Amino acid sequence: QVQLVESGGGLVQTGGSLRLSCAASASTFSFDTIGWYRQAPGKQRELVASISSGGRTAYADSVKGRFAISRDNAKRTVYLQMSSLKPEDTAVYYCHDLRYSSAWGQGTQVTVSS
């Protein structure tokens, strides 16, 4: 069973930064596209950023220029560097291995205070 474990969330002030990590167990990790998603209270889960096996990245318009996704295949880890955080970035952040529909982490809470 594929497992993903997120870490790095917390409470930060507006304008601050956080780096999230997603450690994956899949042996196919280096070949997989990984996505970071978030879900705020009362809202649907949305894709924030993704990174392909070849390192191609994509971002939601709301985070372009502020967030950066990267990966370390040797460590089977994907990172999400978040800068210039805003209160509307407050959410539970999840990582997902797009190869496996059920491969989701437990989430890490990010709270941005105004």
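Reply: Start with Arg 71, which lies over the face of Phe 29, 4.7 Å from the ring centre. Keep in mind that this is a predicted model.

Six of them form an open sheet in the order 2-10-9-4-5-6, and the pairing is mixed. Strand 2 (10-13) and strand 6 (57-59) each have a single partner, so they stand at the edges with one side left without a neighbour in the sheet. Going from one strand to the next, the twist averages 25 degrees. Pick out strand 4 (residues 34-39) and strand 5 (residues 46-51): they run antiparallel to each other, paired over 5 bridges. Along that pairing you'll find Arg 38 opposite Glu 46 of strand 5.

Next, the inside. The largest nonpolar core holds 27 residues, and among those with the most contacts inside it are Trp 36, Phe 67 and Met 82. Elements giving two or more residues to this core include strand 4, strand 5, strand 7 (67-72) and strand 8 (77-82). The largest share is 4 residues, and it comes from strand 3. Why would such side chains gather like this? In soluble globular proteins, nonpolar side chains tend to be buried together.

To finish, click on Met 82: leaving out residues up to four places away in sequence, Met 82 touches several others, including Leu 18, Leu 20, Phe 67, Tyr 93 and Val 110.

Terms used
Residues are numbered from 1 along each chain as its sequence is written. This is a predicted model: local features need pLDDT of at least 70, side-chain atom pairs count only at pLDDT 80 or more; totals for chains, interfaces and linings use all residues. Side-chain values use heavy atoms; hydrogens and water are left out. Two strands pair if DSSP finds at least two bridges between them. Axes are lines fitted to C-alpha atoms, for helices over the stretch in contact, and angles run from 0 to 180 degrees between N-to-C directions. A charge sits over a ring if NZ of Lys or CZ of Arg is within 6 Å of the ring centre and within 35 degrees of the ring normal. A nonpolar core is a set of buried Ala, Val, Leu, Ile, Met, Phe, Trp, Tyr and Cys residues joined through side-chain atoms within 4.5 Å. Buried means under 20% relative accessible area, exposed over 50%, partly exposed in between (1.4 Å probe, protein chains only). Contact means heavy atoms within 4.5 Å.
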